[in-house]
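Please look over the sequence and the fold shown below before reading on.

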Amino acid sequence: MTPADNTEAGDPSSATALEARGLGKRYRRGWALRDCSFRLPAGRICGLVGPNGAGKSTLLGLATRLVTPTEGELRVFGVPVEDPAAMPRYAFLSQDKPLFKRFTVAETLRMGAELNPGWDMAAAERIVRAGPVPMDAKVGTLSGGQRTRVAFALAFGKRPDLLLLDEPMADLDPLARDEMSSLLLSEAVERGTTVVMSSHVLAELEDMCDYLLVIADGRIRMAGDTDELVPAHALVTGLAPDGKPPADLTPHTVVEFRASGRQFRALLRPHGPLAPDWEVSEPSLEEVLLAHLRSPGTEPLFTRAARIEDEGIHAA
Ligand SMILES: Nc1ncnc2c1ncn2[C@@H]1O[C@H](COP(=O)(O)OP(=O)(O)OP(=O)(O)O)[C@@H](O)[C@H]1O
């Protein structure tokens, strides 16, 4: 797909917000991200999940030009990320949310207006006022949660088509977290903004995200629509008298196997009928994620929407 195909298409929902091909970043210590190929369709709320050091911030850094790739390419709405034309399309909220402490909230928003041609002051003020955060307060005097709200206002005021968030809710109390997630969802849905949000809170991802990128050891392990990824798995329990995986499991991709006493419990991707004497249920998103995070060696799984052709990746 050419950039023109992607950005000029009448239906924005048919566009691709992010597309990575063979993307990789190597530091002196080794690869932080490797062989990263995926597609994120526009308009999705995408959770970026993985253990500490998996490569999530590196991927967000590559998407915002804070990190230079060692290999491969990344496109934002069809435009190579290094092309200045990509910059107005996205906003980034980093973990440390850098803001000028001596500026008041109002001055911070005015700075946003001056730096961003498409600035939407009404939207930025609405987000701040819902706090409530006093407009004349210096940023340095605000609580962590209030600062997060101002940072969100700065990001949304830019009216980005793609919003990249690195653990945005980490410093919020449960109430503020709930409030900011609703705000994030309603603002994103209203404008069709694509969101990529890294988080360690699996319940948060389950509530908010309709798309997932799961990373472990610098590689994409699972990518695609949540409502296809989860049903591609089954949670089965059955008899394993010797504590070993029974032969009936062989045709299936076993993500995780646990034996206790004479019973086993396995999370698997079925390939064909399951043994009739097993008890089978559909796992929750959290169960699927935990099993994959505990078993990073499992064959990667990509749904059709996430898959980059000819990369030898198995579709769900
Ligand atoms: N500037 C850097 N120089 C050297 N190594 C780095 C640098 N930034 C990241 N790394 C390494 O790259 C790997 C991926 O780090 P990254 O910060 O992307 O992980 P993460 O998934 O965001 O982790 P966390 O959940 O802890 O924030 C880690 O091994 C990290 O030590």
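Of the 316 residues of the protein, 38% count as buried, a residue being buried if 20 or more other C-beta atoms, placed from the backbone, lie within 10 Å of its own. This is a predicted model, in which local features need pLDDT of at least 70 and side-chain atom pairs count only at pLDDT 80 or more, while totals for chains, interfaces and linings use all residues. Residues are numbered from 1 along each chain as its sequence is written.

The secondary structure comes to 9 helices and 15 strands, where helices (H or I, at least four residues) and strands (E, at least two) are DSSP runs numbered from the N terminus. Along the principal axes, the C-alpha atoms fill a box of roughly 70 × 45 × 45 Å. Among contacts between residues at least 6 apart in sequence, 67% join residues at least 24 apart, a contact requiring C-beta atoms, placed from the backbone, within 7 Å of each other.

Helix α5 spans residues 144–157, and its 14 residues reach 20 Å from the first C-alpha to the last, close to the 20 Å expected at 1.5 Å a residue, the expected span being 1.5 Å times one less than the number of residues. This helix is mostly covered, with 11 of its 14 residues buried, among them R147, F152 and F156. What covers the buried residues of α5 includes the strands β6 (90–93) and β7 (162–166), together with the helices α3 (105–115), α4 (121–129) and α6 (174–191). After α5 comes R159, whose phi is positive, near 55 degrees.

Technical notes: A residue is buried if 20 or more other C-beta atoms lie within 10 Å of its own, exposed if 12 or fewer, and partly exposed in between; C-beta atoms are placed from the backbone. Two residues are in contact if their C-beta atoms, placed from the backbone, lie within 7 Å.
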